[in-house]
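Please read the numbered points with the model in view.

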Amino acid sequence: MYTFLAVFLLVSLFQGYAFEASPVVLQSDGEEEKAIYLTASVGESVVLDCPLDFPHDVPIPYILHWNKEGQTIFTWYEGTMTTNDEFNQRINLAQTGPHGKGSINLTSIRETDSGWYECKIYFPNRTPSTKQNGTWYHLTVEGICVCPTGGDLLVIPPSNVTVLEGESAHFQCVTSDRDAQVNWYKDGVPLPSLDDLRNRVWISPEGSLTVQPTNMADQGLYQCEIIGSQGDAQRAGAYLSVQFKARILTTPREVYLPYGRAATLDCHYGANPEITNLRWEKDGFLFDPFNVQGVFFRRNGSLYFSKVDETHGGEYTCTPYNVLGTEGPSPPIHVIVQRPPVFIITPHNLYLRKTGESIEIPCDALDGNTALRPTIVWFKKNGSPLPEERAKVSGGNLTIVDIKEEDRGFYQCVASNEAATISSETELVIENSVPRAPYNLTADASLSSINVKWNPGFIKPRLEYSVWYRATDTPEWRTMKILSRGAAEATIPNLSPGREYELMILSQDQHGDGMFSKAIRVRTKGTGEIQHEKNSIGPATYHQLGTPHDLRVDIVVEGYQVSWSPPETGFETLRHYVLKWYTEPNQRLVGQAQAVNNYYIVKNLEEDKTYYFQVIAVSMSDQETASNKHTYRVPIYRRSNFFSNGLLISVLCVILVLGALYYLKRVFFKKTSIMQEL
């Protein structure tokens with residue numbers, strides 16, 4: 001707080017003087033915001049942006065001030081603009097496009113316009129009336145072209161003009177070169193190419209432009225271009241604001257509102273200045289949404305119905321007003337309350353067909369009001385068109401003959417009338433079709449591995465992939481199955497450095513193998529030579545292949561996953577692993593498997609039995625190194641479940657017996673007491 005007061009006092013002390021350093025603006029969140037520096041030439045225009053944030057986004061009355069060097073040059077309040085003499089007809093509001101509501105256009109810039117500008121917003125009905133911040137700009141004005149003929153081309157640039165519709169608008173553009181060519185543009189388009197303006201503009205001998213008469217469509221930026229006799233050119237522009245009474249631009253004859261749903265009734269109007277009021281009438285009487293439950297005014301004057309019912313139908317008119325008045329109400333809008341369509345037949349969620357067969361998917365709907373049928377169309381949800389020669393829609397039903405693989409997917413039946421649109425979805429699945437070949441294979445190689453990625457031909461359930469690879473100088477293909485279903489990439493380890501490999505991807509599902517993808521060739525990094533080191537005693541020797549280590553067994557869905565850590569030395573010479581597992585008595589070998597990854601899933605192990613696992617690493621030169629044996633005892637799942645179930649059954653039986661004894665005991669005592677009474 002004290003920091004802000006200090007900044008405020010400094011700004012107040014130096015108001016009216018040109019600042020040599022950028023002012024520091026303290027925002028409400030305590031952060032500093034630097035001023036914005038702009039540069040323009042004499043005769044050009046510039047927009048000074050000033051965002052306006054209403055409290056809670058609800059518009060309230062505000063006063064806009066623009067100051068230059070501590071002196072107010074422009075004020076706006078409730079549609080009334082005040083400009084000092086130096087900036088008269090050269091400042092106008094710029095509230096269109098991305099600019100804030102407090103932005104201004106400064107046109108026909110002069111050298112004296114250089115300096116500091118500040119935007120301030122005041123809220124007269126709020127405490128405090130203004131935020132403790134400001135938007136600062138520093139404008140630097142550069143001199144215009146100094147022509148070879150001596151002097152400036154542009155003597156008097158155009159200035160902003162505000163006129164009433166039907167009046168004439170005059171833009172000055174005076175040049176010092178009598179032989180210069182003068183061209184005029186509106187919003188960057190040459191005036192002669194604008195049919196609507198061509199017959200209403202006149203250019204004087206000295207280059208000034210007159211528009212006679214003006215209409216609302218003439219608003220915009222008008223630029224004067226002067227091309228001197230020596231080929232030098234200069235442009236300057238100004239804005240034309242055409243004010244007119246609020247008027248209706250277009251009106252639909254009929255509007256359908258959906259019964260039971262939310263809807264909006266728009267009033268399409270134009271106004272300059274902005275509208276101050278908008279009046280709605282229904283069936284010749286004032287329609288005030290504040291007195292009608294479920295109907296609200298929107299900021300643009302539209303009527304919003306939260307839930308349409310029959311009472312909302314009728315003849316509506318809207319009349320916009322601004323400070324200049326109105327040109328009258330809109331033609332009557334006939335509002336019809338229409339009930340949305342209703343499905344009487346919907347397709348099943350899923351249809352299963354084979355290729356070559358035909359299918360008819362039913363769908364039908366009725367109009368909500370009458371027995372008429374709404375418009376019914378079919379779409380494929382992924383956006384692809386229906387097969388034109390094999391698909392037909394009749395009475396709402398979709399028929400597809402000679403089904404092909406590409407017909408699989410989701411389909412939508414869409415029923416619509418003037419009020420609403422409804423849809424129903426179904427899926428067509430092609431049976432017994434093998435998956436398509438993967439495509440778009442890409443690969444990245446390292447010294448001893450290749451990472452390959454691909455796109456699936458079709459996304460299908462239970463889809464699996466296998467990588468087929470071989471060195472291009474050998475005929476033997478190797479395969480690596482991808483354990484994760486639906487995966488679209490894999491890494492092939494234990495490859496030779498500097499060697500070229502050929503890769504293919506094969507897709508598989510419950511129906512069998514699909515087609516191979518196109519093969520790609522990838523070379524691993526390196527020179528292809530096996531690294532070796534010199535021995536101080538003898539000739540060069542190869543790196544010794546280390547042993548696999550850290551064996552472990554984990555229970556997974558598919559069975560028992562045996563994993564291990566690769567050798568710490570000689571890994572680049574590794575060809576594959578051989579996993580062996582033994583059991584008692586005398587550690588008898590019961591199974592073995594070859595693996596290229598450092599894991600393998602063993603599916604069939606007997607419960608309550610001890611197994612010994614060992615991994616052997618095999619090098620390119622057939623050197624073998626074996627890990628230590630890892631002991632693993634398979635848990636007793638079935639037996640433990642059996643005992644648990646048996647124990648539970650026993651407890652239930654005991655409870656039933658005790659309950660029966662208690663019941664018999666009560667019956668016995670009851671009979672005994674009755675006998676005693678007799």
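1. W468 has a relative accessible area of 26% and is therefore partly exposed; buried means under 20% relative accessible area, exposed over 50%, and partly exposed in between, with a 1.4 Å probe and protein chains only. F516, with a relative accessible area of 36%, is partly exposed. The ring centres of W468 and F516 are 5.2 Å apart and the planes stand at 85°, so the pair is edge-to-face. The pair links distant parts of the chain, 48 residues apart: W468 belongs to strand β42 (residues 464-471) and F516 to strand β46 (residues 512-516).

2. On the basis of the note: this is a predicted model, in which local features need pLDDT of at least 70 and side-chain atom pairs count only at pLDDT 80 or more, while totals for chains, interfaces and linings use all residues. Residues are numbered from 1 along each chain as its sequence is written, and side-chain values use heavy atoms, with hydrogens and water left out.

3. How many aromatic pairs does a search of the whole structure find? The number is 16. Rings of Phe, Tyr and Trp (its six-membered ring) pair if their centres lie within 6.5 Å; planes under 30 degrees apart count as stacked, over 60 as edge-to-face and the rest as tilted. F171 and Y222 make a stacked pair, because their ring centres are 5.2 Å apart and their planes lie at 20°. This pair also links distant parts of the chain, with F171 in strand β14 (residues 169-171) and Y222 in strand β20 (residues 220-227), 51 residues apart. F171 is buried, at a relative accessible area of 0%, and Y222 counts as buried at 0% as well. Elsewhere, one aromatic cluster is formed by Y37, W116 and W136. Helices (H or I, at least four residues) and strands (E, at least two) are DSSP runs, numbered from the N terminus.

4. R235 has its charged end over the ring of Y185, 4.1 Å from the centre, and K381 lies over the face of F410, at 5.9 Å from the ring centre. The rule requires NZ of Lys or CZ of Arg within 6 Å of the ring centre and within 35 degrees of the ring normal.

5. The count of salt bridges comes to 22, each being a side-chain nitrogen of Lys or Arg within 4 Å of a carboxyl oxygen of Asp or Glu. E405 and R408 meet in one of them, at 2.5 Å from N to O, and both E405 and R408 are buried. E464 pairs with K481, their closest N and O atoms being 3.4 Å apart. That pair links distant parts of the chain, E464 in strand β42 and K481 in strand β43 (residues 478-481), 17 residues apart. K481 counts as partly exposed, at 47% relative accessibility.

6. Loops also take part. R499 and D473 form a salt bridge of 3.1 Å, N to O. R499 lies in the loop between β44 (489-492) and β45 (500-509), and D473 in the loop between β42 and β43, 26 residues apart. R499 is partly exposed at 25%, whereas D473 counts as exposed at 55% relative accessibility. A network of salt bridges links E165, R247 and E327.
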